[in-house]
Amino acid sequence: MAEKLAALSVDLDEIENYAAIHGIAGKLGIVHTAVYDKALARLATLFDEQSVRATFFAIGRDLIDRPENGERLKQLHQAGHEIGNHSLSHFYDLTRRDAQTQHREVRGGADAIEAAVGARPIGFRAPGYTITDRLFEVLAREGVQYDSSVFPCPPYYLAKATALALIRLRGRHSRSVLDDPRVLTAPADPYRIGTPYTKRGRGMRELPIGVTGDRSGRLPYIGTYVALAGRLGARLLTRLACARDFVNLELHGIDLADAREDGLEALAPHQPDLRKTAVAKRAALVSAISELRRRGYRFVTLAEAAAHYGH
Ligand SMILES: [Zn+2]
């Protein structure tokens, strides 16, 4: 029987990115650094208590603009967590930019992380789960060793398409983009990409973002839904995700943000995960982690998973 592995990763998108998705950037009197200043410490404590070493995907710009962010990541790196590359500027339309910009975004993110934590990241996660063959080519040329951006999840794709349409109907402009629907046919277990990247081949190692088993309809197994599901719901979703030998639970820093404690009330109407307290969301995540452990999963970083599935 194949060994069962689980990886937890956290995209450290800062508050301003969420404002950009909802088309309300610059209109909120809120704390714009709550992810690094508040949520990151909660995540680190949670992982410590659960003896999990996780992968944090950082946006290079956030480390260049605020050296204290880099300092926090350096401590996490020294504690055994992996720091991955979430691009330099987190352009939601990175896949539609020219090759020169894409190279600058991938290399610039890696440079900023290396300068801050003292180690060059080997893994990449694209902004907004959107990736293309062209961006994969750039990743390969930049020496990226694995990617974890493919999200072959029909319910999520539909929800995102609907949300973007609603934002447009309200006359606002979202920075978020929706790419090739072929992603829905991509493998949901670790694979090496082919051409197109949604097929298996001999190319870069891909660790798709978590979805439940095929028979349960590939529901999204990501932090937002797990945290909102409550303790019981999180356990049930986790059981469905355990249909796969590799579980890749992707969180966001904001998953452990708290609207009241962190001064984010103005964002809460737009961002459902802010309608629950950090304490409640944490309890749901603990329930998911416990269920994975009970079912025999060993926790690894994504770099370790990529090495494991790399052949
Ligand atoms: Zn992101």
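D13 is buried, at 5% relative accessible area. Buried here means under 20% relative accessible area, exposed means over 50%, and partly exposed is in between, with a 1.4 Å probe and protein chains only. This is a predicted model, where local features need pLDDT of at least 70, side-chain atom pairs count only at pLDDT 80 or more, and totals for chains, interfaces and linings use all residues. Residues are numbered from 1 along each chain as its sequence is written, and side-chain values use heavy atoms, with hydrogens and water left out.

Back to D13, and to the zinc ion. Which protein donors does the zinc ion have? They are D13 (OD), D13 (OD), H86 (NE2) and H90 (NE2), lying 2.1 to 2.5 Å from the ion. A donor is an N, O or S atom within 2.8 Å of the metal (3.2 Å for Na, K and Ca); water is not among the atoms, so sites may look incomplete. Along the chain the donors follow the spacing D-x72-H-x3-H. D13 sits in the loop between β1 (5–11) and α1 (15–21), and H90 in the loop between β3 (82–85) and α5 (99–117), so this pair ties together parts 77 residues apart in sequence. Helices (H or I, at least four residues) and strands (E, at least two) are DSSP runs, numbered from the N terminus. H90 is buried too, at 3%.

Now the geometry. The 4 donor atoms make angles of 56 to 140°, and the site is irregular. Four donors would count as tetrahedral with all angles between 85 and 135 degrees; four count as square planar and six as octahedral if opposite donors are over 155 degrees apart and all others between 65 and 115; anything else is irregular.

Next, the cysteines. How many disulfides are there? The count is 0, where a disulfide is a pair of cysteine sulfur atoms within 2.5 Å. C153 is buried at 1% relative accessibility, and C242 is buried at 14%.

On to the core. The largest nonpolar core has 51 residues, and F47, F56, L73 and Y221 have the most contacts inside it. Helix α2 (residues 34–49) gives the most to this core, 8 residues. A second, separate core has 18 residues, including A126, V138, Y157 and V183. A nonpolar core is a set of buried Ala, Val, Leu, Ile, Met, Phe, Trp, Tyr and Cys residues joined through side-chain atoms within 4.5 Å.

The largest pocket holds about 890 Å³. It has 37 lining residues, with I21, H22, Y156, A163 and Q271 nearest its centre. The largest share of that lining, 8 residues, comes from α7. On a 1 Å grid over the protein atoms alone, a cavity is a set of points where a 1.4 Å probe fits but cannot get out; a pocket is an open set with protein on both sides within 12 Å along at least five of seven lines; lining residues have an atom within 4 Å of a point.

Last, H270. Where is H270? In the loop between β8 (246–252) and α10 (278–294). H270 is partly exposed, at 25% relative accessibility. H270 and A19 are 251 residues apart in sequence, but 8.6 Å apart in space, C-alpha to C-alpha.

Terms used
Points joined across faces, edges and corners; volume = space filled by probe spheres on them.
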